[in-house]
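Subject: Structure handover

Hello,

Here is the structure you are taking over. Please keep it open while you read the notes below.

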Amino acid sequence: MSLQLTPEQAGFRDAARAWLADHAPAYDEPDSHLTIFPALTPDEERKKVEASQRWQRLKHDAGFAGIAVPAELGGRGLGLLENLLFNDEESAYRLPLDALSVTMGMVLPTLVRWGTPEQRDRHVPAILAGQEVWCQLFSEPGAGSDLAALSTAAVADGDGWVVRGQKVWTSYARDARYGYLLARTDRDGPKHAGITAFRLDLTDPAVTIRPLRQATGGATFNEVFIDGARVGAADVIGEVGDGWRVAISTLMNERYALDPKVIPVEALTALVRERPRPGAAARLGEVAAAHRVVSAIKLRLLSAARDGLEPGPEGSAAKLVATDAQQVAADLAMELLGPEARTDNRWTAYAIGVPGLRIGGGTDEIMKNVIAQRVLGLPRS
Amino acid sequence: MTTTPASAGVSAEDRADLLRTTRAWLAAHGGAAPPAFDRGQRRGTLAEVAALGWLGVGAAEELDGAGGGWGDHVALLQLVATRFVGAPVLSTAGLALPLLVATERGYDAARRVVAGEATATVALGTWTATGLRPEATWDGRVLEGRVLAVPDAIDADHVVVAARATSTADEVVLALVATAAEGVTVTPVSAIDHSAPAADLDLAGAEALLLGRAADLGDALDRAILSLAATELGGAERCLELTLEHVGTREQFGKVIGAFQAVAHQCAEMLVHVESARAAVESAAHALDAGSPDAAAAVSTARATSQRAYAFCADTGLHLHGGIGFTWEHEPHWHLRRSWSLRSLLGSAEDHYERIGLSILEEGA
């Protein structure tokens, strides 16, 4: 099944496909679809980030960066559909995209939509050229699923604010130059109303970043302690007190981050071939079927984007379908491994990483709340 | 041969028209429970819906159909499955018709089916990932054997029977038998799914018309499988709709039960199943209509996903209705019954997953 496209749209996709065929294989990362919160040494992490930046730079120089970003900001000036078409073509390769996924998928669209002219002019071209890495300073020890309960405070001081608080589970913060920060500027109003989004310069000496080791053993996460960092009016993203709306628009981008490739059909097929076992074909088929379902859902998202429509209810379902399939894949792989299921290897790392997918980017329970309330119209509990 | 030409389907306007008139008919005549069996009424209803264009939407114009694609056909079946209509629409138009239109020998019966003049069903034995396991045999002229609990066989004029050819080892053929033929005995059984009154079919030297080798009719069988998937999807959609009405109005502990997370999350899971099945069925219909090489995997994905969706939504839907859902007079148990019954036809979800898995393992092996 394929999407009906205009000749211009199809031409763009074909050009992207051809360019990727020439350039993507050199950036191949064999395990990139199987790696969840990788266990890397600081040196390996640095190299991973640099590889992401080099790949971004290459796309930029070829005109495939910021496809939906206006041309005056260094983008291609096309639409959401073309952007999604490119991502779809790109996902056919195993590329070092992970380290920049927050910068490109969350921060970039936020700055384009809400940034001041200074913020846009300064950061958008640099991000597109792979020169700037950002992180997202949202979650806190006391504000995970209940993000609006965040307590990091930005207290007015002269012509700016002084920020104090702690952020946590922050991916790639050590490699980032800037943080996209949510802080409370008004403690008295309703909890959603007192939040402001800021740009935070992470070189401020009042910012301390410590690696936070994950269940996988990796430490792409960090704890970020902010103890008196100064931000000014120029750092506000959107309006003062409007941070919740800005943050929601950022999180909405996750609907488009859906990539069927996170379901590791190819790697699992190779494993089943190496270690055949009765009943394995059916379970491989179950994983492959989920991959097809998520691809079909993705196609519906693309058609909605082509027709200028908001994504339908199926977009909310896709993450749950994908994580279920990843769990089935992990279960089957571990059964096939035999004694190796007790040793550190890429599949055991995968099996330990999968539970993290049910938590990050909206826990299963939050996704179900979203579906129940926003799609099905059930009352809040 | 069975190669069905690629079809673009009827126009979007024609499809929308058909679905609109169908919705109106269902609102007036469809039920929350299958009506008690009445041969005359079933015939009358079938003729009525044939006149609305339900039966031939996916059949070629030379067979008096609308010349639509299978995507049009399954969109209709999906909608029809949201109510109980008291006519063998699924068996006749969804299961038997694709096999009849796949080969010229089936054309006469196909025309009568499209016109609503004849009823038909299928008795295909057990579907497995590697082929059909028939319950009848074929000696080149007559059928022998006993096929149990064939849905809608109680008043079917024609039955497409899968049989093992006694002349050629391991070759499975499909043959068309008239229930009025000598050597055919139809014995009604008490079926769990009252929407498809079943009968045992005894074949003792029954003359039949050879339609072809099952191996050559794979595309037509996949169309029948997608009809089941679309029916399961429509049933699952109805279960979700029914359940949302209930949990949005039923109050316990001073509030509507849909406000309890334990209830709301199960409704959300139903939605995930339904949307997955919808995407999979639509994708498989496109693959069949485009003659895509991966149509078989797309159809198995659709069937497994829809079957699981209906099973989950029928079961969870009944559960969330509480004691009300467990009473005969309410709708949920009819879906649970139909869901269980359909699961035994043309492959379980596991069987379909296995077909997908085997085809991946064969690629480039």
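The notes below go from the interface to the inside of chain A.

This is a predicted model, in which local features need pLDDT of at least 70 and side-chain atom pairs count only at pLDDT 80 or more, while totals for chains, interfaces and linings use all residues. Residues are numbered from 1 along each chain as its sequence is written, chains are lettered from A and ligands numbered from 1 in the order in which they are written, and side-chain values use heavy atoms, with hydrogens and water left out.

**The interface**

Chain B puts 39 residues into the contact and chain A puts in 33; contact means heavy atoms within 4.5 Å. The area buried between the two chains is about 3,000 Å², with 71% of it from carbon and sulfur atoms. Buried area is the accessible area (1.4 Å probe) that two parts lose on being put together, summed over both.

The rule finds 4 salt bridges across the interface of chain B and chain A. A salt bridge is a side-chain nitrogen of Lys or Arg within 4 Å of a carboxyl oxygen of Asp or Glu. A:Arg300 forms a salt bridge with B:Glu282, and their closest N and O atoms are 3.1 Å apart.

On the side of chain B that touches chain A, the elements giving two or more residues are helices H6 (218-247), H7, H8 (295-320) and H11 (349-362) of chain B. Helices (H or I, at least four residues) and strands (E, at least two) are DSSP runs, numbered from the N terminus. H7(B) gives the largest share, 16 residues.

H7(B) (residues 261-289) also meets helix H9 (residues 314-337) of chain A: their axes come within 9 Å and cross at roughly 100 degrees. Axes are lines fitted to C-alpha atoms, for helices over the stretch in contact, and angles run from 0 to 180 degrees between N-to-C directions. H9(A) is therefore roughly perpendicular to H7(B). Angles under 35 degrees count as roughly parallel, over 145 as roughly antiparallel, 65 to 115 as roughly perpendicular and the rest as oblique. A:Glu314, A:Ala317, A:Leu320 and A:Val321 touch B:Val272, B:Glu275 and B:Ser276 here.

**Inside chain A**

Helices H7 (residues 265-274) and H8 (residues 280-306) of chain A pack at about 170 degrees, with their axes 10 Å apart, so H7(A) and H8(A) are roughly antiparallel. Residues in this contact include A:Leu268 of H7(A) and A:Leu284 of H8(A).

The structure holds 52 salt bridges over all chains. One of them joins A:Glu118 to A:Arg199, with the closest N and O atoms 3.2 Å apart. A:Glu118 is in helix H5 (residues 117-128) of chain A and A:Arg199 in strand S5 (residues 195-201) of chain A, so the pair ties together parts 81 residues apart in sequence.

Regards
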